[in-house]
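Subject: Structure handover

Hello,

Here is the structure I promised to pass on. Please open it next to this message and read the two together.

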Amino acid sequence: MIGQILIHALFGAAVTATLLYGLALRHPGNTWYTRVARTLFTLLALGLVASASMLVVNIIQHRFEYTYVWSYSSRELPLHLLVACFYSGQEGSFLLWTMLVALIGVFLTPYARRHNYEEPVMMFYGLILSFLTLLLIVKNPFAFYYETFAADGITLADVPLNGRGLNPLLHNAWITIHPPILFTGFAAMSVSFAFAMAGLVRRDYHRWISIALPWTLFATAVLGFGIMLGGFWAYETLGWGGFWGWDPVENSSLIPWLVTVALVHAMLVQKRTHGLVKTNMILAVTTFVMVLYSTFLTRSGVLGDTSVHSFVDPGKFAFWILLLFMLTFTSIGVIMVLVRRKDMNINREEFSPSTREFMLSIGSALIMASAIFVTIGTSWPVIMEVIGQPKVAVATDFYNKIHLVLVPAVLIVNALALLMQWRSTPKHLLMRRTLEAAIGAGVFTGVMAVFGVRDIGPLILSFSAWFSLIVNLRVGWSMVTKSATMAGAYVSHTGIALLIFGVITTSSYTESHHAVLIHGVPTKVGEYTLTYLGKEQIEKHFVDREKLRYDVRIEKDGESRVVAPVLYWSDFNQRQSAFLEPGIRWGVMNDLYVSPKATENEDLFLRTKIQKSATIASPLDSSMSITLDRFTMPMEEGAAADGRMQMAAMLTIQHGGASHEVKALTRIGTGSAGPTFDPEWVTIPGTTTSVGLSEIVRNNEDPSKSSGELVFKDITKPMPIPREIFTVEFSVKPFISLVWIGVITMVAGFGFSIVRYTRLLKQQSPLAQGKRPPSSDVKPEILQVQPTDANSNQT
Amino acid sequence: MTNEITTQPRPFPWKYAIAGVAIAVLAFVGYTAFDSSSVEYTNVARAEQLGKTVQIVGTWVKEEGLSYDAPSNVFRFSMKDEQGKIIPVELAGAKPNNFEIAVSVVAKGRVENGIFKASNVLTKCPSKYEGQPAEAMPRS
């Protein structure tokens, strides 16, 4: 009850704080509004932390009278997973998002205040929180079980003894870090939007760029890292075989990231040249709107049929609030930009094509093109449905084809941008450096061609990646020798080039083999020899699962390693279907990846299909003929000793002039994959042949066309024990480590840039002027590198 | 956003040409990639008629069972589309996760000789919230 009241109070606090900041903006002399709004905002953040804590405590205490706790947790879970249950469902993940937005706001308030931006920034920020808390009221994690299921006759006294549990796919360490990081990135994207809108309110079209830049870099870095963690999770645990599948859920986190990358570069251009004023406003709005749009796509259930992720239908009301949320902020952005459109035209800048600013603009445009294509591809099923056409989805090769053009273009533009200088570039210098880098890239690409990269797509990608890498290392090195904080961009671009190399090698040169491994039998698979060594049950202390580790030995050239893919059955889906985890041998040069597909026992019986009234020869003795007269009905046979239903095949067997009537019984069970048949063996009189009925295929339309399957064995021969067969997909993934190294390098580069731009800002801020002079090693850098920034504060 | 460059003023008109060509190339690439990659959601009857790659939403016909042939890596089952028409499906791969408990399946592939040859089968698991309260409700 307290939880529900608290959520409503938080919505009230968010709305009031927003209004008060608005009033403070109208009455600049009156500090009372700002002070109260600030207090309310602090209370709001505290309240959200309190709500989140209450939810976590409810989960840890197994208070299943709450629908949310019942839906996503259970008594069996260890503590770190119980904490993760907090954001495993929609309600909790909205709460996490809202809380992170508010917590970032706690740091943002003094920051904005220092730069004399508190009122307008926090007004828009408060509006975002108002919508988020409204969403929490609708998708309330504190709803009671008896409320949710009142229509099913559930009363206050009905409290479940255990919860439904957490999806076993989520039972690992990744769930404790991936969602919080992703949501921190999403939450931080609100900041650039709030600053852009505040800039428009203040008619300050330049200064906001410098102030918002460190936050935008932070959001980009964190979201990028979060996306990579998701890919790593899919690769390492879920056994999807790759790190990226262009799935709608993946795409919907990629789109805001692409837009914010475009925004970061356009902001840099404006910082130096005062151009791209409107572009930056539009990009800042788009970034945030795309965060909302991706939330809408993944949370409203509209993409239900197109993703491997399971979606939960949030209900009509939440659907409309999400839509309203998105439309409101799109309208705010569009209207604000339109209102100030004339004003912003004052500082029009022209870029000459051989300048860094021009190339950066082209680069941003190309990245936006990528974002637009991914958005169109992901939204296509929804678009078609909205306009009443038959639903059409795009296959993932759409994205691959597009990016085979866009990625090389971006990499080459990136290198050219660095080869050029701000404002103007001496032609001879540009030509010489470009040529040098191109020759270097050509040589390295040639080396890769020697090692087997022969297809045109990968070759073009390789060339552009080398071109970018060489230029970044070269220019970067000369910059780093001046000041280490300058390294950011070059480190990030190096990371991107490494990532692209990883993508080229894994997507085009991964060898995959389908392998059927018989227990103990070494099997040659590609260049490797695989042996299935046996299985062992693990995690036996959990009663809710049967988890088996399948040891597979991989040998090549005398080297041998054992990997252990896992197959397990969980109560979560009533043990009807196994969950799978791959076994991976990690390596710098390549990963060996064993993905389990199926297990079964060797089939040692001779099986023969037989139609009703048909006659066949025995597979053991062709002089014996067998006729299937009819199937008996379950009523005739009664139940077997174990309670199962029984049916039988009435067979007439002709052998050596004699004729025998044989009744082959079978016990029928109900398996998840249809009925199961357990034959009872009968030995045919005067022979050593035993027969059993192993399947009945009923033809309901025409019972005379029903058929069955008979199994035969020779009773004089000892029956070998069937061996286990483990079917896997075995793949060799060259240089996949570059994907992870590349992304981490890229994120690290953002770290450098955040430090750099925060320092620059501190030294330039009018309110921080008293704190000058800073450390002497940074000051000259501003004078050299940022000559135009001195003018950027004039408004 | 791409046309932002084109809104720059005029001194170097050939800049527009660069931007224009770039946009035209991208639009062309986008269109051709899209055209060859779009996959319609449809039913069995239309899939048979079209003969090209489509996606069918339907349910698994439990009575007809399922089988996986490990050596050839083929998973066989029958699915019923929303109009109730049944077609045998051969998936080039192993049984998808949670196949048995899926409330519906989405198969992507094409019809060849009366069999739906699928390259991919997605399973949609019962959504938790559409669910009912726990069965056999114990009182505490």
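Below is what turned up, from the whole chain down to single residues.

**Overall picture**

Please keep in mind that this is a predicted model. Chain A averages a pLDDT of 87. A score of at least 70 is reached by 94% of the residues. Residues 767-795 of chain A are another matter: there the pLDDT is below 50. That stretch still has 42 contacts in the model beyond near neighbours in sequence. Where pLDDT is low, the predicted coordinates should not be read in detail.

Chain A has 795 residues, and 57% of them count as buried. The C-alpha trace spans about 115 × 70 × 50 Å along its principal axes. The secondary structure comes to 21 helices and 20 strands. Take the contacts in chain A between residues at least 6 apart in sequence: 69% of these join residues at least 24 apart.

The domain assignment of chain A gives four entries:
- domain 1, residues 1-166
- domain 2, residues 168-370
- domain 3, residues 513-598
- domain 4, residues 606-719

Between the C-alpha centres of domain 3 and domain 4 of chain A there are 37 Å.

**Two helices with bends**

Start with helix 5 of chain A, residues 90-114. Where does it lie in helix 5 of chain A? At Phe107(A), shortly before the proline Pro110(A), and the angle is about 35°. Helix 5 of chain A is mostly covered, with 19 of its 25 residues buried. Asn116(A) follows the helix and has a positive phi, near 60°.

Helix 14 of chain A covers residues 356-386, which makes 31 residues. From first C-alpha to last it reaches 42 Å, close to the 45 Å expected. The bend here is about 55°, at Trp380(A). Again a proline comes after the bend: Pro381(A) follows within four residues. Of the 31 residues of helix 14 of chain A, 25 are buried, so the rest of the structure largely encloses this helix. Gly388(A) comes after helix 14 of chain A, with a positive phi near 75°.

**Strands and pairing**

One open sheet in chain A has four strands in the order 11-19-18-17, with antiparallel pairing. Its edge strands are strand 11 (606-611) and strand 17 (682-683), and each pairs on one side only. Strand 17 of chain A meets strand 18 (residues 689-697) over two bridges, in the antiparallel sense. At this pairing Val682(A) stands opposite Val691(A).

Next, look at strand 10 of chain A, residues 590-601. It pairs with strand 9 (residues 583-585) of chain A over three bridges, antiparallel. Ile584(A) stands opposite Tyr593(A) in strand 10. Strand 10 of chain A also runs antiparallel to strand 20 (residues 724-734), and eleven bridges join the two. There, Asn590(A) stands opposite Pro734(A) in strand 20.

**Two residues to look up**

Gln646(A) lies in strand 14 of chain A, residues 645-655. Is Gln646(A) buried or exposed? Its relative accessible area is 8%, under the 20% cut-off, so Gln646(A) counts as buried. Leaving out residues up to four places away in sequence, Gln646(A) touches a list of residues that includes Met633(A), Pro634(A), Glu637(A), Leu665(A), Arg667(A) and Glu680(A).

Thr396(A) is found in a loop of chain A, between strand 1 (392-394) and helix 15 (397-419). This residue is partly exposed, with a relative accessible area of 36%. Thr396(A) touches Gly245(A) and Trp246(A), again not counting residues up to four places away in sequence. Thr396(A) and Asp247(A) are 149 residues apart in sequence, yet 8.0 Å apart in space, C-alpha to C-alpha.

Best wishes

Terms used. Residues are numbered from 1 along each chain as its sequence is written. Chains are lettered from A and ligands numbered from 1 in the order in which they are written. This is a predicted model: local features need pLDDT of at least 70, side-chain atom pairs count only at pLDDT 80 or more; totals for chains, interfaces and linings use all residues. Side-chain values use heavy atoms; hydrogens and water are left out. Domain bounds come from an automatic or database domain assignment. The expected span of a helix is 1.5 Å times one less than its number of residues. The bend at a residue is the angle between axes fitted to the seven residues ending there and the seven starting there. Buried means under 20% relative accessible area, exposed over 50%, partly exposed in between (1.4 Å probe, protein chains only). pLDDT is the predictor's confidence in each residue, from 0 to 100. Contact means heavy atoms within 4.5 Å. Two strands pair if DSSP finds at least two bridges between them.
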